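Subject: Structure handover

Hello,

Here is the structure I promised to pass on. Please open it first, then read my notes below.

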Amino acid sequence: MSSLTTEQLRARIAHLPRVSLAHLPTPLEEAPRFSRQLKGPRVWIKRDDCTGLYFGGNKTRHNEFLLADALERKADVLVWGAGVQSNNCRQTAAACNKLGLDCVLYLSRAAHNDDVQGNLLLDHLMGAEIHIIDEPLGPLLDEALLKASAELAQAGRRPYVWDRVPGRPLAAVSYALCLAEMLEQFQEKDIHPTAIYAAAAGATGAGLVLGKAILGWHGKIKLLCPILWPWDIAADLAEVANDAAKLLELPHRVTSRDVDVRTDFIGPGYGQITPAGSEAIKLIARSEGILLDPVYTAKAMAGFIHDVRHGMYKSDEIVVFMHTGGTPAVFAYRDELLGKSH
Ligand SMILES: Cc1ncc(COP(=O)(O)O)c(C=O)c1O
């Protein structure tokens, strides 16, 4: 199957409704002191923590397509949900405010305590309607969202709900586009990375994998999943990628064999900080002044550091680490990060 150029992919994506929310392109910057400390390959960081909206992060790219879809459908309220320290919900509430939509959040305390700190504090400041619930992330929380949305519809509102079936392929498009953005930056900087590492549990990883297939990029996309979903993660990401390709009316398809996703850096569970993640946070903060988050990017970086220490990369190779954001969560993890027990 023939590959598309980045321009051709942009032109194809331009057919989808999109609102402008993110500061793009995000910077791609080298981290030489970090590389030297690791005695590893050259490392470049893709700064998607700098997408701009209310502390930024990957979901702001997603929301350019999701909220445009909501507006097309004449929605007046968004119903979103995830963990109490959700970066997704924080960025979505901010996007709603910017677009004049109401936002109702269902936040699960199963992953973290519900102290009003970090992302949860930011949700409050934005005036989102917040419901703290006990359902864990996954099918039970999804059901709660659909129920809440149905109730709002009955009351005469026009809700747009976070629904993983239509939502994730649309969100994945934004990360196929992000890969195009990166390939253009590689060309500008005349660098030839052999791998991109990213924390991914859904649309972000699926979009990168699809982008690789569409654009015919030869490097590896290495995904580290922060949560043990109750389903086959590689097969699920392949399905999301293929549904995104269908949305774009492109013939490119991937299988679960094309999805290099690992779960070995989750530690005791989603949202629980690990010693390797804590080390990763300190290493890059102290060598480059870059802040990672404890739930996603620290664990993905821990996976990358592990691979470097196991000799996976030569010193003249280039590896890109995708920083997907999540930084406000550090404030909610103060005690864990400082090594205090509860
Ligand atoms: C900081 C951060 N990185 C990565 C992810 C994973 O994104 P996705 O589920 O789209 O793969 C999230 C999702 O919440 C996130 O907040």
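Which residues of helix 7 meet which residues of helix 8? On the helix 7 side, they are Arg168, Ala171, Ala172, Val173, Ser174, Tyr175, Ala176, Cys178, Leu179, Ala180 and Leu183. On the helix 8 side, they are Ala203, Thr204, Ala206, Gly207, Leu208, Leu210, Gly211, Lys212, Ile214 and Leu215. Keep in mind that this is a predicted model.

The geometry of that pair is as follows. The two axes come within 7 Å and cross at roughly 55 degrees. Helix 7 and helix 8 are therefore oblique to each other. The crossing of helix 7 over helix 8 is right-handed.

Strand 7 (residues 195-199) pairs with strand 8 in the parallel sense, over five bridges. Within that pairing, Tyr197 has Lys222 of strand 8 as its bridge partner. Ala199 stands opposite Leu224 in strand 8. How does the chain get from strand 7 to strand 8, and what is the hand of the crossover? It passes through helix 8 (residues 203-215), and this β-α-β crossover is right-handed.

Strand 8 also pairs with strand 9 (residues 260-262), again in the parallel sense. Three bridges link strand 8 and strand 9. Leu224 has Arg262 in strand 9 as its bridge partner. Strand 8, helix 9 (residues 233-247) and strand 9 form a β-α-β unit, and that unit is right-handed.

The axes of helix 3 (residues 58-72) and helix 4 (residues 87-99) come within 10 Å and cross at roughly 50 degrees. That angle makes helix 3 oblique to helix 4. Helix 3 passes helix 4 in a right-handed crossing. From helix 3, the contact residues are Lys59, Thr60, Asn63, Leu67 and Leu71. From helix 4, they are Asn87, Asn88, Gln91, Thr92, Ala95 and Leu99.

Last, some backbone details to check in the loops.

- Leu24 to Pro25: this peptide bond is cis, with omega near -5 degrees. Pro25 lies in the loop between helix 1 (6-13) and strand 1 (28-30).
- Tyr54: phi is positive, about 50 degrees, although Tyr54 is not a glycine. Tyr54 sits in the loop between strand 2 (42-47) and helix 3. Buried or exposed? Tyr54 is buried, because 22 other C-beta atoms lie within 10 Å and the cut-off for buried is 20 or more.
- Asp190: phi is positive here too, about 55 degrees, and Asp190 is not a glycine. Asp190 is in the loop between helix 7 (164-189) and strand 7. Asp190 counts as exposed, because it has 6 C-beta neighbours inside 10 Å and the cut-off for exposed is 12 or fewer.

Best wishes

Definitions and conventions. Residues numbered from 1 in each chain as written. Predicted model: local features only at pLDDT ≥ 70, side-chain atom pairs only at ≥ 80, totals over all residues. Pairing = 2+ DSSP bridges. Helix = DSSP H or I, 4+ residues; strand = E, 2+ residues; numbered from the N terminus. Right-handed = clockwise from strand over helix to strand, strands pointing away. Axes fitted to C-alpha atoms, helices over the stretch in contact; angles between N-to-C directions. Parallel < 35°, antiparallel > 145°, perpendicular 65-115°, else oblique. Left-handed = near helix turned anticlockwise from the far one by under 90°. Contact = placed C-beta atoms within 7 Å.
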